[in-house]
Amino acid sequence: MSVDSVKRPPSGPRAELKRQAILRAARELFLREGFGVGMDSIAAEAGVSKVTVYNHFGSKEALFTSVITSALDEPLAGESSAALEGLADAGDLRAALVEAARTWVHAVRANHEVTALRNLVAAELHRFPELGEAWRHRGTEGHHPAVAGALRTLADQGRLVIPDLQVAVIQFYGLLVFPHVVFSSYGTQIDEDLTDRLITGGVDMFLAHYGTQST
């Protein structure tokens with residue numbers, strides 16, 4: 001098949017508004033009814049035709065994948081992103097990292113829709129190998145650009161020594177966020193006291209490995 005024969009999704013401001021409306025509707029209905037919800041229902045909820053939905057996403061599987069990949073980045077938006085960007089100007093890097101981590105972890109714990117979507121992925125993953133492929137091809141920095149950017153800046157400033165940014169991002173996520181992902185998959189949460197101990201201990205472990213003598 002030639003490149004010219006591949007149908008591209010609609011583009012432009014109006015098309016983007018419709019795309020976002022479809023994603024919002026699909027997210028709500030997937031959460032409410034699971035993957036079995038019909039494309040007719042999604043189109044009606046979004047206020048567009050079913051043809052428009054297929055023009056934008058091609059299939060229900062592709063739409064589901066888009067809903068999931070866009071939602072999983074939400075905890076790193078807003079205050080979490082601002083806290084990470086502010087690390088470059090922090091006088092006390094450890095204190096600033098702890099506060100940024102608290103903001104990020106709180107956003108993860110408080111976003112119950114993202115938790116529900118993550119659990120929905122776990123239930124449907126055997127039907128969607130492309131979810132794993134989409135996740136792998138986006139790369140670590142693609143999933144957590146705010147974290148990658150903040151750590152890269154600190155390394156450029158000489159405040160951290162990071163020979164492998166990809167590993168550092170995964171380790172930072174693993175120390176701070178992953179415990180909450182595991183607990184939420186079992187329908188429970190880590191209590192506040194243990195959460196704070198994990199944050200401060202995680203930051204200290206990270207700085208012990210990547211920090212400099214002046215950090």
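A: Helices here are DSSP runs of H or I with at least four residues, strands are DSSP runs of E with at least two, and both are numbered from the N terminus. The model is predicted, and local features need pLDDT of at least 70 and side-chain atom pairs pLDDT 80 or more, while totals for chains, interfaces and linings use all residues. Residues are numbered from 1 along each chain as its sequence is written, and side-chain values use heavy atoms, with hydrogens and water left out.

Threonine 52 has a relative accessible area of 16%, and therefore counts as buried, a term that means under 20%, with exposed meaning over 50% and partly exposed in between (1.4 Å probe, protein chains only). If neighbours within four places in sequence are set aside, threonine 52 is in contact with Lys18 and Ile22, where contact means heavy atoms within 4.5 Å. Its side chain also makes a polar contact with the side chain of serine 49, at 2.9 Å; such a contact is a pair of N or O atoms within 3.5 Å, in which, within protein, one must be able to donate a hydrogen and the other to accept it, and residues adjacent in sequence count only if both atoms are side-chain atoms. Proline 10 is 42 residues away from threonine 52 in sequence, yet their C-alpha atoms are 9.0 Å apart in space.

The UniProt record, in an unreviewed entry, lists residues 38–57 as "DNA-binding region"; such annotations may be inferred rather than shown by experiment, and their positions are given in the numbering used here. In the model, this stretch is 80% helix and 0% strand, with its end C-alpha atoms 14 Å apart.

Helix α3 also packs with another helix, α2 (residues 39–46), and their axes come within 8 Å and cross at roughly 100 degrees. The two are therefore roughly perpendicular, the word used for angles of 65 to 115 degrees, whereas under 35 is roughly parallel, over 145 roughly antiparallel and the rest oblique. Axes are lines fitted to C-alpha atoms, for helices over the stretch in contact, and angles run from 0 to 180 degrees between N-to-C directions. Met39, Asp40 and Ala43 of α2 meet Lys50, Val53 and Tyr54 of α3.

Elsewhere in the chain, helix α1 (residues 13–33) packs against helix α7 (residues 112–124) at about 65 degrees, with the axes 10 Å apart, so α1 is roughly perpendicular to α7. Here Arg27, Phe30 and Leu31 of α1 meet a group in α7 that includes Val114 and Leu117.

A further pair is helix α10 (residues 165–176) and helix α12 (residues 192–210), whose axes come within 8 Å and cross at roughly 155 degrees, which means that α10 is roughly antiparallel to α12. Among the residues making this contact are Val167 and Phe172 of α10 and Leu198 and Phe206 of α12.

Seen as a whole, the protein has 12 helices and zero strands, and 41% of its 215 residues count as buried. Among contacts between residues at least 6 apart in sequence, 72% join residues at least 24 apart.
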